[in-house]
Amino acid sequence: LKKEELDIHELIRNVAEKTEIFVREKQGEITLELHAAQSIISTDKVHLMNVLYNLFDNAIKYTPDNPQICVNTKSNEREIIISIQDNGIGISKKDQEKIFEKLYRVPTGNIHNVKGFGLGLNYVKTIVEKQDGTIKVVSEIGQGSTFIVHLPITNK
């Protein structure tokens with residue numbers, strides 16, 4: 001990773017702006033609630049932007065109509081917490097245990113309208129962990145998903 005001091009809020013705004021067209025095509029909306037008092041972190045810009053793009057893209061892909069995507073940040077003295085919440089199809093408890101595994105895709109039966117290789121969330125988790133962070137998902141079928149990323153404000 002090529003780390004530099006960056007404002008995570010700036011990266012989130014940039015990704016939201018670039019993905020907004022796809023959300024609007026589905027009559028949806030992105031809401032940013034960027035409340036972290038400390039938003040400067042040492043990170044690899046390219047990889048962290050890819051993490052954000054992947055999480056936004058999944059929120060769009062897995063919300064059939066009217067995606068409502070809310071991105072929230074908060075911070076404490078040690079870390080920044082980023083949550084990306086959607087109103088999509090949700091993920092079963094059984095599948096939540098596997099979604100970060102390489103090549104794992106949630107089975108969709110005969111529905112083939114969502115393309116992918118099962119690499120995105122594995123990449124997301126790898127990059128977050130390489131920055132001494134964590135990621136988890138909170139989701140229920142039919143109730144959407146929230147991905148919560150914890151990243152250290154400064155790496156030791």
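Apart from neighbours within four places in sequence, His 9 is in contact (heavy atoms within 4.5 Å) with Leu 34, His 35, Ala 36, Ser 39 and Thr 73. The model is predicted: local features need pLDDT of at least 70, side-chain atom pairs count only at pLDDT 80 or more, and totals for chains, interfaces and linings use all residues. Residues are numbered from 1 along each chain as its sequence is written, and side-chain values use heavy atoms, with hydrogens and water left out.

**His 9**
- His 9 lies in helix H1 (residues 8-25); helices are DSSP runs of H or I with at least four residues, strands are runs of E with at least two, and both are numbered from the N terminus.
- His 9 counts as buried because its relative accessibility is 6%, where buried means under 20% relative accessible area with a 1.4 Å probe, protein chains only.
- The side chains of His 9 and Thr 73 make a polar contact at 2.7 Å; such a contact is a pair of N or O atoms within 3.5 Å, and within protein one must be able to donate a hydrogen and the other to accept it, while residues adjacent in sequence count only if both atoms are side-chain atoms.

**The sheet**
- An open sheet of mixed pairing has five strands in the order S2-S4-S5-S7-S6; two strands pair if DSSP finds at least two bridges between them.
- Strand S2 (29-34) and S6 are the edge strands, each pairing on one side only.
- S6 and S7 run antiparallel and are joined by six bridges.
- Val 137 stands opposite Phe 147 in S7.

**Helix H4**
- The buried residues of helix H4 (residues 120-130) are Leu 121, Asn 122, Val 124, Ile 127 and Val 128.
- Their cover includes helix H2 (45-61), strand S6 (134-139) and strand S7 (145-152).

Technical notes. Buried < 20%, exposed > 50% of the residue type's maximum accessible area, 1.4 Å probe, protein only.
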